[in-house]
Amino acid sequence: MLEVIGLACSRNDVVLFSNLSFQVAAGVAVQLRAANGSGKTTLLKTIAGLLPAAVGKIAVHGSLIFLGHNANLHPTLSARENLAFLSTLTPSNSKITNQQLDQALAFCNLTQQRNTPCAELSAGQRQRVNLARLYLSAAKLWLLDEPFANLDQTAQKLVLQLCAKHLSNTGALLVASHHEVIMPEAQLLDLEKYA
Amino acid sequence: MREVNSIPMMVLKRDLCIYMRHKGEVLTVPLFFVIIVSLFPVAFGPLPSELNWLIPGIIWIAALLASLLAQEHSIRTDYHLGIFEQLLLSDYPLSFILFIKTFANWLVTGLPLVIITPLLALSFAIPSQTIIVLTGSLLLGTPLLSLIATLGVALTLTLPRGGLLLSVLILPLYMPVLVLGTAASILATQGLNSSGPLALLAALTLAAILLVPLALSTLLKVSVT
């Protein structure tokens with residue numbers, strides 16, 4: 001699903017990591033671990049094609065979804081409106097019906113807040129709107145940047161449920177998180193070794 | 001598969017919906033326009049009818065200044081929200097999306113000026129032929145103003161106080177629009193054929209519709225990556 005060969009990335013002329021090679025096959029989860037500022041987000045963005053790679057090759061087979069730190073939610077629009085817009089953008093998604101939107105919001109315990117402008121939602125609730133995007137996503141490769149940020153225990157379990165379902169559907173997963181091991185089956189990739 | 005064509009519609013609906021929820025900001029533009037135009041009679045007293053040819057120029061300058069106000073642009077907000085990263089990942093041509101966003105911006109900031117102009121012009125007692133040409137020139141010219149302004153916004157996206165630089169950057173680019181727009185109206189006041197400047201204005205606007213979105217998409221790709 002994802003193949004990275006000899007990748008090096010730099011930011012502001014500082015090399016963050018180099019000679020990084022790994023693969024993520026279908027049905028496999030890889031957790032990126034490293035200290036703040038060591039290039040987790042840069043790596044995810046480079047794989048997504050949003051940043052240029054300094055050296056090396058990246059091959060992505062199939063569609064991907066990238067959920068960054070930035071919640072992408074417009075403060076004026078409601079959770080439902082934001083979700084409808086953002087889920088249309090994922091290339092592999094088919095047309096999302098209103099019923100699917102409501103299902104996704106219900107899964108993330110946002111039914112009550114679905115028509116609330118996102119400016120009035122808490123950070124955790126906004127993160128849960130992003131989980132609803134994962135619920136609706138048909139992308140094969142998920143690139144998740146700190147998916148547990150701001151989430152309470154219940155919502156963290158929702159992330160794990162979503163990830164487990166995705167893996168069982170032969171999806172692949174690359175998660176950047178400085179939480180301890182998020183899933184027992186996840187392979188660990190320590191970026192600092194490549195610094 | 002998803003209906004790819006639905007993306008521009010979604011973008012248009014989303015932008016218009018956001019503008020409609022900021023009615024105060026949207027209404028500022030036409031109000032500012034009306035106020036600027038009304039300041040001139042207050043300052044000069046009633047203009048003698050042989051100075052009527054000044055009025056289209058006054059209205060055009062007011063339209064330029066009002067459109068400067070209109071640049072609290074959806075592009076700036078969306079850039080900071082990371083929407084363009086998601087749009088880039090959507091595989092949809094970014095230039096077309098940016099055209100749609102500029103069009104939405106024009107619908108709420110440019111079109112109202114075009115609609116108000118005949119009413120404003122009537123209050124100055126200028127000939128109806130001039131009013132028609134003036135309104136027509138604004139209809140052809142304001143989309144160009146919106147496109148130039150969006151270009152300015154895209155250039156100043158990453159600057160912390162981009163707004164100040166923005167006016168200095170785009171006002172000189174507004175100059176041809178002002179020249180052609182007023183020239184057409186003045187010709188009409190003198191009873192002459194004004195189709196020359198209007199045709200040039202239309203040509204400039206068409207060229208900008210084709211080229212500016214391409215420049216915008218390149219600028220945004222550079223800013224995002």
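How many residues does the contact take from chain B and from chain A? In this predicted model, chain B gives 22 residues to the contact and chain A gives 19 residues.

## The contact between the chains

On the side of chain B that touches chain A, helices α1 (6-20) and α5 (83-89) of chain B each supply at least two residues. By residue type, this side of chain B divides into eleven nonpolar, six charged and five polar residues.

## Chain B

Chain B contains ten helices and zero strands. Its pattern along the sequence is accordingly written α-α-α-α-α-α-α-α-α-α. The radius of gyration of chain B is 19 Å, close to the 17 Å that the globule rule gives for 225 residues, so chain B is as compact as a globular protein of that length.

Taken along the principal axes, the C-alpha atoms of chain B fill a box of roughly 60 × 30 × 30 Å. Of the 225 residues in chain B, 43% are buried. Where contacts in chain B link residues at least 6 apart in sequence, 81% of them join residues at least 24 apart.

## Chain A

The C-alpha trace of chain A spans about 45 × 30 × 30 Å along its principal axes. Buried residues account for 46% of the 195 residues in chain A. Among contacts in chain A between residues at least 6 apart in sequence, the share that joins residues at least 24 apart is 74%.

In soluble globular proteins, nonpolar side chains tend to be buried together. In this model, the largest nonpolar core has 120 residues. Helix α8 (residues 128-155) of chain B provides the largest share of this core, namely 13 residues.

Which residues have the most contacts inside this core? They are Ala132(A) and Leu143(A), together with Ile59(B) and Ala63(B). When neighbours within four places in sequence are left aside, Ala132(A) is in contact with Leu83(A), Ala104(A), Leu105(A), Phe107(A), Cys108(A) and Leu110(A).

Methods
Residues are numbered from 1 along each chain as its sequence is written. Chains are lettered from A and ligands numbered from 1 in the order in which they are written. This is a predicted model: local features need pLDDT of at least 70, side-chain atom pairs count only at pLDDT 80 or more; totals for chains, interfaces and linings use all residues. A nonpolar core is a set of buried Ala, Val, Leu, Ile, Met, Phe, Trp, Tyr and Cys residues joined through C-beta atoms within 7 Å. A residue is buried if 20 or more other C-beta atoms lie within 10 Å of its own, exposed if 12 or fewer, and partly exposed in between; C-beta atoms are placed from the backbone. Helices (H or I, at least four residues) and strands (E, at least two) are DSSP runs, numbered from the N terminus. Two residues are in contact if their C-beta atoms, placed from the backbone, lie within 7 Å. Ala, Val, Leu, Ile, Met, Phe, Trp, Tyr, Cys and Pro count as nonpolar, Asp, Glu, Lys and Arg as charged, and the others, Gly among them, as polar. The radius of gyration is taken over C-alpha atoms; the globule rule is 2.2 Å times the number of residues to the power 0.38.
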